[in-house]
Amino acid sequence: MIPSNTENDNKKASLKSPNLELITTGDGSSSLLNTELNDFYHSTKGAIRESLYVYIEQGLDYFKKIDTSCKHIKILEIGFGTGLNALLAINWAKNNSCLVDYESLETHPLPAAIYTQLQFKNWSKNVAKIHQCEWGVTHSINKVFKLTKHSASLENFKQMASYYDIIFFDAFSPSKQPSIWYQSNLKKCFNYLKKNGVLVTYCAKGQFKRDLIAIGFEIETLPGAMGKWEMVRAQKVN
Ligand SMILES: C[S@@+](CC[C@H](N)C(=O)[O-])C[C@H]1O[C@@H](n2cnc3c(N)ncnc32)[C@H](O)[C@@H]1O
């Protein structure tokens, strides 16, 4: 049966919040378009594939390789968004028998009408659970994974120095949200990281890389995900 216009319109409306549109990316996983910024939350070629590559392989797998004795990792994410990176990290913690404390900052939490529609294949199981966790409270998602979501911007968030092992810097792009990439925010990240801690991001803009170096990071420009030219991994070596 062909749905009536009203049914179609209702369906579209339920997939939209004032400035968000649900999309399906090239690998079949969901993502969002922020229509105000005209920026996507992930690569339209594949949200899961991009996040797995940038944050899990180049972030968590790399960190485990350089710190083989590490059994407890503290992560800070900038931009909780759909929660995809958290879902992938839950899986990683289980597979690697590693305790993970995952903290994530978000200024615009998703409404239930949006997060209940997200499809992340094998990783979908915990979508509702992580979105329903109360903000500002630490939740044990399972025996190895703790999640704390902070309803805060990076600009206003405060943490002690040398606290995190890894930062997932997953903000909107510098051309769409330049302020979050300011040196003052990157300095904060440097300060929050432990010695040898790493920051990973999909972004590899020249000014961003120069700012990281000026702050004291050692950077690697790595091949990017899903046809993107490059990505960056920055390490606090001293
Ligand atoms: C590229 S999207 C998020 C991607 C997210 N990691 C995911 O997998 O869905 C960027 C996110 O950063 C959030 N954000 C915007 N400004 C922010 C700020 N100043 N501090 C922290 N998060 C911010 C946005 O609301 C959005 O959810």
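Which helix is C189 found in? C189 belongs to helix α6, residues 183-192.

1. Basis of the note. This is a predicted model, in which local features need pLDDT of at least 70 and side-chain atom pairs count only at pLDDT 80 or more, while totals for chains, interfaces and linings use all residues. Residues are numbered from 1 along each chain as its sequence is written, and side-chain values use heavy atoms, with hydrogens and water left out.

2. C189. Helices here are DSSP runs of H or I with at least four residues, strands are runs of E with at least two, and both are numbered from the N terminus. C189 counts as buried because its relative accessible area is 0%. Buried means under 20% relative accessible area, exposed means over 50%, and partly exposed lies in between (1.4 Å probe, protein chains only).

3. The side chain of E106 has an N or O atom 2.4 Å from an oxygen atom of the ligand. For E155, a polar side-chain atom is 2.9 Å from a ligand nitrogen atom. The side chain of N85 has an N or O atom 3.4 Å from a nitrogen atom of the ligand. On its own the ligand has 600 Å² of accessible area, and the protein covers 97% of this. Such areas come from the Shrake-Rupley method with a 1.4 Å probe; for residues, only the protein chains shown count as cover.

4. H42. H42 counts as buried because its relative accessibility is 8%. Its side chain makes a polar contact of 2.7 Å with the side chain of S31.

5. T148. Strand β8, residues 145-150, contains T148. With a relative accessible area of 9%, T148 is buried. The side chains of T148 and T138 make a polar contact at 2.8 Å.

6. Positive phi values. Two residues other than glycine deserve a look here. N38 has a phi near 55° and is in the loop between β3 (30-34) and β4. K121 has a positive phi of about 50° and is in the loop between α4 (112-115) and α5 (127-132). K121 is partly exposed, since its relative accessible area is 46%.

7. K209. Helix α7, residues 206-215, holds K209. Is K209 buried or exposed? K209 counts as buried, because its relative accessibility is 17%. K209 and I66 are 143 residues apart in sequence, and their C-alpha atoms are 22 Å apart in space.

Notes: Polar contact = N/O pair within 3.5 Å; in protein donor to acceptor, adjacent residues only side chain to side chain.
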